Amino acid sequence: MARMKFLCDAERCIECNGCVTACKNENDVPWGVNRRRVVTVNDGVMGAEKSISVACMHCSDAPCMAVCPVDCFYHTSDGVVLHDKDLCIGCGYCFYACPFGAPQFPQAGAFGMRGKMDKCTFCSGGPEPDRSEAEFKKYGRNRLAEGKLPLCAEMCSTKALLGGDGDVIADIYRERVTRRGKGSEVWGWGTAYGPGKEGAKPATGGGKS
Amino acid sequence: MRPVLIAALLAAAGLVLGGCGEAEQVVVYKQGKYQGKPDTPPWDNAPLAYGDAKWKKGDKASWEDEVNTRTRSQNEYRRIYNQ
């Protein structure tokens, strides 16, 4: 059974924010709402700067689902956490419960009034007829119903962000790390991309090339 | 007068003693159940007429094959070097 997951490779992410832009454009996300964002730690420190793209992680035991007072969340059969905006009351409990800050609230009126919650849907829409205009307006594109994957992952230029069935992306990542060099001192191109051919030696000396 | 006073005292004693009871104070949370509209799974849609993706409408396995093939194309070692 497919269980859709995201995986971000901190060695490869270059903080280009292409995933953020792709998500906003594909789903027509309003101003002030970021379904996906890039977080950078140790900014400017050579060799220690790492970036990671974060959105809803579609948890198997989702805290947002547990705390929602109106029970508007559900798991799809392929493991995606979605919600019904017609039920959402914009209380913000899910935002406090989520360890990733995924739930977002549009400013729907004056005095900082909260609108209905909006979050990453793994590009799989919501509980409206699939690929309908109503679904697009409320939840964005339903790419899974088109046989595609989330655009953020599909267009990632360095393939830092992977999206799809957890088993398949784990295989891709496993193959990637076995090709990389080992040791904490190794970083840069060789660590991120490894040698082109299996069995070849990784780049030595570190540094960005 | 006296019966009224006795009744009042009994009522007051009942209220006062009621405070000595030990009520369960631990909240027992119950798992909620989704209250919204039902959703249709992605494989219950026909593939787009102009798209590359091909699967049989309603066939979960063929849809998963299609999506997993697409997921594997994120592996540039396989895609570029064709290994």
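Predicted model: local features only at pLDDT ≥ 70, side-chain atom pairs only at ≥ 80, totals over all residues.
View 1. A pair of aromatic rings is described by the distance of the centres and the angle of the planes. Over all chains, the count of aromatic pairs comes to four.

**View 2. The ring pair of Phe95(A) and Tyr96(A).** Here the ring centres of Phe95(A) and Tyr96(A) are 6.0 Å apart and the planes meet at 70°, so the pair is edge-to-face, a term used for angles over 60 degrees. Phe95(A) is partly exposed, because its relative accessible area is 38%, and Tyr96(A) is exposed, because its relative accessible area is 58%.

**View 3. Charged ends of arginine side chains over the rings of Phe6(A) and Tyr77(B).** Within chain A, the charged end of Arg36(A) sits over the ring of Phe6(A), at 4.4 Å from the centre of that ring. Arg179(A) has its charged end over the ring of Tyr77(B), at 4.1 Å from the ring centre, and this places a residue of chain A over a ring of chain B.

**View 4. The largest nonpolar core, with Met4(A), Leu161(A) and Trp63(B).** This core holds 29 residues, and the members that touch the most others are Met4(A), Leu161(A) and Trp63(B). At least two residues each are supplied by strand E1 (4–8), helix H1 (18–27) and helix H5 (151–154) of chain A, and also by helix H2 of chain B. Strand E1(A) gives the largest share, which is three residues. When neighbours within four places in sequence are left aside, the contacts of Met4(A) include His58(A), Phe122(A) and Leu144(A) in chain A, together with Trp63(B) and Val67(B) in chain B. Another core, of eleven residues, lies apart from this one, and among its members are Ala62(A), Cys64(A), Cys68(A) and Cys72(A).

**View 5. The contact between chain A and chain B.** Chain A brings 48 residues to the contact and chain B brings 34 residues. The area buried between the two chains is about 3300 Å², and carbon and sulfur atoms give 50% of this area. Five salt bridges are counted between chain B and chain A. The side chains of Arg12(A) and Glu76(B) also meet in a salt bridge, with a distance of 2.6 Å from N to O.

**View 6. Ser62(B) in helix H2 of chain B.** Chain B contains three helices and zero strands, and from the N terminus on its elements run α-α-α. Of the 83 residues in this chain, 19% count as buried. Ser62(B), which is found in helix H2, has a relative accessibility of 17% and therefore counts as buried, the cut-off being under 20%. Not counting residues up to four places away in sequence, Ser62(B) touches Trp55(B) and Lys56(B).

Notes: Residues numbered from 1 in each chain as written. Chains lettered and ligands numbered in written order. Heavy atoms only, no water. Phe/Tyr/Trp six-rings, centres within 6.5 Å; stacked < 30°, edge-to-face > 60°. Buried < 20%, exposed > 50% of the residue type's maximum accessible area, 1.4 Å probe, protein only. Lys NZ or Arg CZ within 6 Å of the ring centre and 35° of its normal. Core = buried A, V, L, I, M, F, W, Y, C linked by side-chain atoms within 4.5 Å. Helix = DSSP H or I, 4+ residues; strand = E, 2+ residues; numbered from the N terminus. Contact = heavy atoms within 4.5 Å. Buried area = accessible area lost by both parts, 1.4 Å probe. Salt bridge = Lys/Arg side-chain N within 4 Å of Asp/Glu carboxyl O.
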